[in-house]
Structure formats: structure tokens, C-alpha cells
Amino acid sequence: MASGPMLPAQFADWEPYAATWCLATEHARREQRMHSTQAQLEQFYKAVKPRLDEAIQYLNDFPLDDMPQRERNLLNLALSLVEISVAVELFFNPWPLDAYPWQEFSVAY
């Protein structure tokens, strides 16, 4: 766990989610989604979604290939929101019901 703030100061209200959702790979974000409860996903979604556009606008001021760590964490947290949005908006479950077992899929990168 990080010893100081993981996110830029203007997004400090998202710090409680940072250690769990600032994940660098799609594979890690997917695994976190699948091992979370629906209540945890909905709590994260409700906290972050209303200010997602603000975060994207903020991140537009930084080069993608040379982003400071806190901004990189913010980007990864935003990508986690994208990962879980289908579970909240469509599936109402961390994984799609009546589908091929999610454990059988793997993300290549």
C-alpha cells in the first residue's frame, strides 16, 4: 500500500479507492472486478462516475507516454471504472450470468 497520496490533490476524495483500483493492466482490473462484490462495484461507480469527465479533462494536460505517477494512477483508476461499468449498468453482477465461465478467459496484455 502506498505511504502517501496516490492521486492528484483535486481527486483526493477518491483516495479510498486508489489502492484497490489504480491497476496498471486490464488483466488486473478484470480480476479485481471479478473478485469484488456487486456492492463494492456500485460504491466505486457511484463515487467516481459523476466526475469522470473532469478527470479526463485533467489528464488531457499530460503526455500519455510520460505521465507523472499520480496522474498515471488517476488514469488507471478511470480505466477501472470503464472495466466495471458493464457490471453495474448491464449485468447487475460482477460477471455476466449465463455466459461461458469468466475464469476460462484470459487477457493477453
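1. Helices are DSSP runs (H or I, at least four residues), numbered from the N terminus. For Gln-57 the relative accessible area is 54%.

2. The model is predicted: local features need pLDDT of at least 70 and side-chain atom pairs count only at pLDDT 80 or more, while totals for chains, interfaces and linings use all residues. Residues are numbered from 1 along each chain as its sequence is written, and side-chain values use heavy atoms, leaving out hydrogens and water.

3. Helix 4 spans residues 52-59, and its buried residues are Leu-52, Ala-55, Tyr-58 and Leu-59. Seen down the helix axis, these buried residues fall within an arc of 120°, so they line one face of helix 4; the arc is that of the directions from the helix axis to the C-beta atoms. An α-helix has 3.6 residues a turn, so residues three or four places apart point the same way. The cover over the buried residues of helix 4 includes helix 3 (38-48) and helix 5 (69-91), where contact means heavy atoms within 4.5 Å.

4. In helix 2 (residues 26-34), the buried residues are Arg-29, Arg-30, Arg-33 and Met-34. Their arc around the axis is only 130°, which puts them on the same side of helix 2. Helix 1 (15-21), helix 3 and helix 5 are among the elements that cover them.

5. How do helix 2 and helix 5 meet? Their axes come within 10 Å and cross at roughly 40°; axes are lines fitted to C-alpha atoms, for helices over the stretch in contact, and angles run from 0 to 180 degrees between N-to-C directions. The contact includes Arg-29, Arg-30 and Arg-33 of helix 2, and Glu-83, Ile-84 and Phe-91 of helix 5.

6. The largest nonpolar core has 25 residues, and those with the most contacts inside it are Trp-14, Phe-44, Leu-74, Leu-77 and Ile-84. Such a core is a set of buried Ala, Val, Leu, Ile, Met, Phe, Trp, Tyr and Cys residues joined through side-chain atoms within 4.5 Å. Helix 1, helix 3, helix 4 and helix 5 each supply at least two residues of this core, and helix 5 gives the most, with eight. Not counting residues up to four places away in sequence, Ile-84 touches Trp-21, Arg-33, Leu-41, Phe-44 and Tyr-45.

Key. Buried means under 20% relative accessible area, exposed over 50%, partly exposed in between (1.4 Å probe, protein chains only).
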